[in-house]
Amino acid sequence: MRKQSYSELWKSESWKKHQRNLFRLQRRVYKAVQAGDLRKARSRQLLILKSRSAQLLAIRQVTQLNKGKKTAGIDGKTALKYSERYGLLNELNHYGQVWKHSGLREIPIPKKNGKVRILKVPTIADRAWQVSAKFALEPAHEATFHARSYGFRTGRSAHDAQKYIFNNLSSNNNGWKKSVIELDIKKCFDRISHSSIMDRLLAPANLKMGIFRCLKAGISPEFPEQGTPQGGVVSPILANIALNGIEAIHPSVRYADDMIIFVKPGQDPEKILEKIKTFLGKRGMEISEEKTKLTKATDGFDFLG
């Protein structure tokens, strides 16, 4: 019988079966956190990290599906050959629980205001590990995330946020009387305190250490205890973990670091902002005073473009 080539082997993988296997494990993590059994949740998260299905799906995600699949890290590698994908699978299988991150490739991205944003790109191997980590972290934190957080969450989108805003500002809810605080968090991803993420992370010790190394790989020398690497696969979920609970301060909608707060007649926006400032201050962040503004709902406002 002819030996299958790596390309044939890869193309013959049952991706739907792998997705079912992963979903089954994730559902068990979600249910354990819901029941308050964090010990059981952590042991099931380890099963996800060890799962061949999860590892294969992670490699497929970063080498085939993601838009940035052709963006190289510091090792210069872009989309991997089929044999290299199985080599990476072997790496994840052996070193997934003690993963050490390489450095990040810095790519300057010009902004509309003339400033430059630095995109920090991990290697493909690091990205694959981060996807595996995300697979394990997501179900645990989905059980705790606030209902009015919509960004970078499974089964939620900007359209869901739009619908909530529409309902809140409809004439049936006296929307024409309300105002909106357009909140801007100053350099959110660059300023999130590492301790605020690590203290809230629901994960086994090995996964926590991997995330800690991931954060330290992307630090700015000016702020060694702050920031998540923009370009990292896990950065959005880490931001959601740090910011979770800000929605409970006052009726609002949050999509990652974009947020609007609904203000009824008679409510003091300054008091609301003071509470928000205290919340953010504990996480190493602050409000951008120049970009945060109060707008009448009838005047219209921009949210998520």
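1. Helices (H or I, at least four residues) and strands (E, at least two) are DSSP runs, numbered from the N terminus. In these terms, K186 is placed in the loop between β3 and α8. The model is predicted, so that local features need pLDDT of at least 70 and side-chain atom pairs count only at pLDDT 80 or more, while totals for chains, interfaces and linings use all residues. Residues are numbered from 1 along each chain as its sequence is written, and side-chain values use heavy atoms, with hydrogens and water left out.

2. K186 is partly exposed, at 41% relative accessibility; buried means under 20% relative accessible area, exposed over 50%, and partly exposed in between (1.4 Å probe, protein chains only). Leaving aside neighbours within four places in sequence, K186 is in contact (heavy atoms within 4.5 Å) with R191, E286, I287 and S288. From N173, K186 is 13 residues away in sequence and 31 Å away in space, C-alpha to C-alpha.

3. Two backbone angles should be noted. Most residues other than glycine have a negative phi. K187, also in the loop between β3 and α8, has a positive phi near 45 degrees. F152 has a positive phi near 55 degrees; F152 lies in the loop between α6 and α7 (158–168) and is partly exposed, with a relative accessible area of 47%.

4. Strands β1 (residues 105–110) and β2 (residues 116–121) form an antiparallel pair with six bridges; two strands pair if DSSP finds at least two bridges between them. Within this pair, I109 stands opposite R117 of β2. Five residues lie between the strands of the hairpin, in which G114 has a positive phi near 95 degrees.

5. Helix α11 (residues 235–243) is largely enclosed by the rest of the structure, because nine of its nine residues are buried. The buried residues of α11 are S235, P236, I237, L238, A239, N240, I241, A242 and L243. Their cover includes α6 (124–142), α8 (188–191), α9 (194–198), α10 (205–217), β4 (252–255) and α12 (269–281). After α11 comes G245, with a positive phi near 110 degrees.

6. How many disulfides does the count give? With a disulfide taken as a pair of cysteine sulfur atoms within 2.5 Å, the count comes to zero. C188 is in no disulfide, and the nearest cysteine sulfur, that of C214, is 15 Å away. Seen from C214, the closest cysteine sulfur is in C188, and the 15 Å between them is too far for a bond. C188 is buried, with a relative accessible area of 2%, and C214 is likewise buried at 2% relative accessibility.

7. On a 1 Å grid over the protein atoms alone, a pocket is an open set of points with protein on both sides within 12 Å along at least five of seven lines, a cavity is a set of points where a 1.4 Å probe fits but cannot get out, and lining residues have an atom within 4 Å of a point. Grid points are joined across faces, edges and corners, and a volume is the space filled by probe spheres set on the points. The largest pocket holds about 1500 Å³ of space. Its lining has 45 residues, of which K111, D184, I185, K187 and K291 are the closest to its centre. At least two lining residues come from each of β1, β2, β3 (179–184), α8 and β5 (258–263). By class, 16 lining residues are nonpolar, nine polar and 20 charged; Ala, Val, Leu, Ile, Met, Phe, Trp, Tyr, Cys and Pro count as nonpolar, Asp, Glu, Lys and Arg as charged, and the others, Gly among them, as polar.

8. The second largest pocket has a volume of about 1100 Å³. It is lined by 35 residues, and those closest to its centre are Q61, V131, K134, E138 and V233. Two or more lining residues are given by each of α2 (15–34), α4 (52–65), β2, α6 and α11. The lining comprises 15 nonpolar, eleven polar and nine charged residues.

9. The whole structure contains one cavity of 30 Å³ or more. The largest cavity has about 40 Å³ of space and is lined by V33, L38, A41, R42, Q45, A140, L202 and A203. Helix α3 (residues 38–50) supplies the largest share of this lining, four residues.
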